[in-house]
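User: I would like to learn how to read side-chain features in a model. Please give the general idea each time, then the case here.

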Amino acid sequence: MPASSRGISRDRVLKAAVGLADEIGIESLSMRKLGQALGVEAMSLYHHVANKDDLLDGMIDVVFGEVVLPCGVDWKAALRERAISVRTALSRHRWAMGLMESRTNPGPATLRAHDAVLGCLRTAGFSLELAAHTFSAIDSYVYGFALQERGLPFDTPEQTADLAQVMLARFPVDEFPHLHEFTAGHVMTPGYDYAKEFEFGLDLILDGIERLTG
C-alpha cells in the first residue's frame with residue numbers, strides 16, 4: 001500500500017465521504033475531492049472502495065448504521081422510535097434521500113436494519129403479509145415526509161413564520177379565506193413547527209396498524 005494511504009481504512013473513507021456529501025452534496029462528491037479531504041491521492045482510495053457504486057453502498061450503510069434498531073416487546077413503540085431515527089438521519093444526510101432503498105449490494109448495517117424491523121414484527125405475531133404491509137407503509141411515509149420536508153423553503157419555525165407573513169400579504173383574504181385562516185391561525189401561531197406534523201402522521205399509521213392486529 002502506498003505510503004500516502006497509510007492510516008486510511010475503508011471505514012475512514014466512508015465516514016469522510018458521508019461528511020463531504022453533507023457539506024457539498026452527493027452530486028459534487030468525487031474521488032478527487034474525497035482524496036483531498038483525507039490528504040491522500042485519489043487513486044489510493046481504490047484500495048478501500050472498488051468504484052463509485054461501492055462507495056455509495058458503503059455511505060448508505062453508514063447512514064443505516066445511525067438508525068435505532070427496533071427491539072423489545074412493544075412493537076409500536078419500537079417502530080415509532082425507529083421511524084423518528086430514520087427521519088433524523090435523513091435530516092443530517094439529505095443527499096441520502098432516494099438512495100436508502102436503491103442499493104443492490106447492501107452492507108451489513110443496511111441488512112441488519114431491515115432484518116430488525118421484520119424480526120420485531122414477526123416476534124410480535126404479525127403474519128408475513130401484515131409485516132410486509134407495515135414495513136412498506138411506515139417507510140413510505142417516513143421517506144415521503146422527509147422528501148417533502150427537504151423541498152420546503154424554510155428550515156426553522158422562525159423562517160416559517162416570516163415566510164407565512166410575506167405570503168399573507170400577497171394574496172387577497174376574500175379570495176382565499178380558508179388559506180388565510182390556516183396561515184394566520186395555525187402556521188403563524190407562536191411555537192408552530194412543521195416538523196411536529198411528522199409524529200402526528202406517524203401515530204395515525206401506527207394506530208391503524210394496531211387495529212389490524214386486534
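This is a predicted model: local features need pLDDT of at least 70, side-chain atom pairs count only at pLDDT 80 or more; totals for chains, interfaces and linings use all residues.

User: Is Cys120 buried or exposed, and what about Cys71?

Analyst: Buried means under 20% relative accessible area, exposed means over 50%, and partly exposed lies in between (1.4 Å probe, protein chains only). Cys120 is buried at 8%, whereas Cys71 is exposed at 61%.

User: How many aromatic pairs are found in the whole structure?

Analyst: Rings of Phe, Tyr and Trp (its six-membered ring) pair if their centres lie within 6.5 Å; planes under 30 degrees apart count as stacked, over 60 as edge-to-face and the rest as tilted. The search finds six such pairs. One of them joins Tyr141 and Phe145: the ring centres are 6.0 Å apart and the planes are at 50 degrees, so the pair is tilted.

User: Where do Tyr141 and Phe145 sit?

Analyst: Helices are DSSP runs (H or I, at least four residues), as are strands (E, at least two), numbered from the N terminus. Both residues are in helix H6 (residues 128-151), four residues apart, so about one helical turn separates them. Tyr141 is buried, with 18% relative accessible area, and Phe145 is buried at 7%. Phe145 also pairs with Phe198: their centres are 5.2 Å apart and their planes are at 65 degrees, so this pair is edge-to-face. That pair links distant parts of the chain, since Phe198 is in helix H9 (residues 196-213), 53 residues from Phe145.

User: Which residues form one aromatic cluster?

Analyst: The cluster is made of Tyr141, Phe145, Tyr194 and Phe198. Phe198 is buried, at 0% relative accessibility.

User: Which charged end sits over the ring of Phe198?

Analyst: A charge sits over a ring if NZ of Lys or CZ of Arg is within 6 Å of the ring centre and within 35 degrees of the ring normal. Here the charged end belongs to Arg87, 4.9 Å from the centre of the Phe198 ring.

How values were computed. Residues are numbered from 1 along each chain as its sequence is written. Side-chain values use heavy atoms; hydrogens and water are left out.
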